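Visitor: I'm new to reading protein models. Could you show me one and let me ask how you know things?

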Amino acid sequence: MNSKQDNDFVEFWYRQYSTYLFRYACLFVDSHTAEEVVQETFRIVCEKGPLDQIEHPKTWLRKITEYVIKNRSREREKWMTMLVDAEKLPDDFWGRHEDETNIELEYAGVVLRDDLHLLKLLAVDGYTYVEAAKEFEITSEACRKRAKRAADKLRKKLEGS
């Protein structure tokens, strides 16, 4: 936040437009995700400045909300493409990896055990970021960032092997 004045703008805009933004987001996502979208919108606003130059804050906030929704959609699609269709796996795949301990031993030292668990919750068990964040007692944004870093690190190490 750049100034006290910017802080006042954010506070005023939140009181003025958060319900509008929530209802708008609900047109595209469920209510829990809509709450997160509005929070993310105002987190982004807090990084912008100077806010006194924004002529049409309602329109500007709605545009940010749209970008947040689109980014979440792209992120979800990316995760969905990472999932493997179980029917396309070789027959020996499940026998070799059925025991969770084997997976953890196989990737020991590649990524942290908790990060591997997080990736499994998201990619295999179908958890949302909100659900996984509750399991790890972190925010959904922290969960999203942690999962991205872990997936990138895992992918990079595996490609180097």
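Visitor: What makes a residue count as buried, and what share of the protein chain is buried?

Guide: Buried means under 20% relative accessible area, while exposed means over 50% and partly exposed lies in between, using a 1.4 Å probe and protein chains only. By that rule, 32% of the 161 residues count as buried. Keep in mind that this is a predicted model, where local features need pLDDT of at least 70, side-chain atom pairs count only at pLDDT 80 or more, and totals for chains, interfaces and linings use all residues. Residues are numbered from 1 along each chain as its sequence is written, and side-chain values use heavy atoms, with hydrogens and water left out.

Visitor: How many helices and strands are there, and how do you know?

Guide: Helices are DSSP runs of H or I with at least four residues, strands are runs of E with at least two, and both are numbered from the N terminus. Counted that way, the protein chain has eight helices and zero strands.

Visitor: Which residues of H1 and H2 are in contact, and what makes it a contact?

Guide: Contact means heavy atoms within 4.5 Å. On the H1 side, the residues include Trp13, Leu21 and Phe22; on the H2 side, they include Val38, Phe42 and Val45. The contact divides into 13 nonpolar, three polar and one charged. For those classes, Ala, Val, Leu, Ile, Met, Phe, Trp, Tyr, Cys and Pro are nonpolar, Asp, Glu, Lys and Arg are charged, and the others, Gly among them, are polar.

Visitor: At what angle do the axes of H1 and H2 cross?

Guide: Roughly 145°, and the axes come within 9 Å. Axes are lines fitted to C-alpha atoms, for helices over the stretch in contact, and angles run from 0 to 180 degrees between N-to-C directions.

Visitor: What about H6 and H7?

Guide: Helix H6 (residues 113-123) and helix H7 (residues 129-136) pack at about 150°, with axes 10 Å apart. Leu118 and Leu121 of H6 are among the residues making the contact, as are Ala132 and Phe136 of H7.

Visitor: Why is the link between Arg146 and Asp115 called a polar contact?

Guide: A polar contact is a pair of N or O atoms within 3.5 Å; within protein, one must be able to donate a hydrogen and the other to accept it, and residues adjacent in sequence count only if both atoms are side-chain atoms. The side chains of Arg146 and Asp115 are joined at 2.8 Å, so the pair meets the distance cut-off. Arg146 sits in helix H8 (residues 140-160), and beyond its neighbours within four places in sequence, its contacts include Leu118 and Phe136.
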